[in-house]
Amino acid sequence: MAEQQEQAAADAMMTRIGQVAMLLHGGDREEARGRFLDLWAEIGEDGDALHRCTLAHYMADAQDDPSDELAWDLRALSAADALTDALADTRLVEQQQSLAVRAFYPSLHLSLAVDYANLGRSEAARSHLRRARDTVGVLGDDAYGDGVRAGIGRLELRLDEEGPSGGAPEATPGQGRGPGGDSLGPPRQRP
């Protein structure tokens, strides 16, 4: 019974994160930021790694400052690593669970690559872009996977155009933009 209650609470938190993500995607970044911060306080720094990863990944998009966006994306990556470690430690790594956790990494590394590119740190951007490219094989042939792969391609073009020295142009707060104003970052998968 206690396990079922914990599962219901976990599902409720993912639902709440998803509701705030819809608010963010609807354009109310400031309100979304505030609500995400409230949820982050509720989850806690050591709370459920899936919740922390999901919330931080979305929270990065709500930031106006590229350095803040990077900090949230780094939190998301750290939480994904903690989730991977927890699955390995408890030997719960079944094929499906392992694949689901690995599917976070292409998007997380692409987000970090965009963050670093927006901060003019092209070497770090290229490093995370390689990691995104190396892990993209776990994604399905669906709209989400296609979006991540397209984001990788757009960022590769941008970095190639900038050359080895970087020199990234200023980006719109919270969004890396490519040719034609397309988002360079990955689509955020809904929880």
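Helix H6 is largely enclosed by the rest of the structure, because 14 of its 15 residues are buried (under 20% relative accessible area, with a 1.4 Å probe and protein chains only). Helices here are DSSP runs of H or I with at least four residues, numbered from the N terminus. This is a predicted model, where local features need pLDDT of at least 70, side-chain atom pairs count only at pLDDT 80 or more, and totals for chains, interfaces and linings use all residues. Residues are numbered from 1 along each chain as its sequence is written, and side-chain values use heavy atoms, leaving out hydrogens and water.

H6 also gives the most residues, eight, to the largest nonpolar core, which has 47 residues in total. Such a core joins buried Ala, Val, Leu, Ile, Met, Phe, Trp, Tyr and Cys through side-chain atoms within 4.5 Å. Ile17, Phe36, Leu55, Leu110 and Leu155 have the most contacts inside this core.

Just past the end of H6, Gly120 has a positive phi of about 75 degrees.

Next comes His128, over in H7. With 8% relative accessibility, His128 counts as buried. Leaving aside residues up to four places away in sequence, His128 touches Leu77, His109, Leu112, Ala113 and Tyr116 (heavy atoms within 4.5 Å).

H7 packs on H8 too, and these residues make the contact:

| Helix | Contact residues (heavy atoms within 4.5 Å) |
|---|---|
| H7 | Ala125, Arg126, Leu129, Ala132, Arg133 |
| H8 | Ile152, Gly153, Leu155, Glu156, Leu159, Asp160 |

Methods:
Buried < 20%, exposed > 50% of the residue type's maximum accessible area, 1.4 Å probe, protein only. Helix = DSSP H or I, 4+ residues; strand = E, 2+ residues; numbered from the N terminus.
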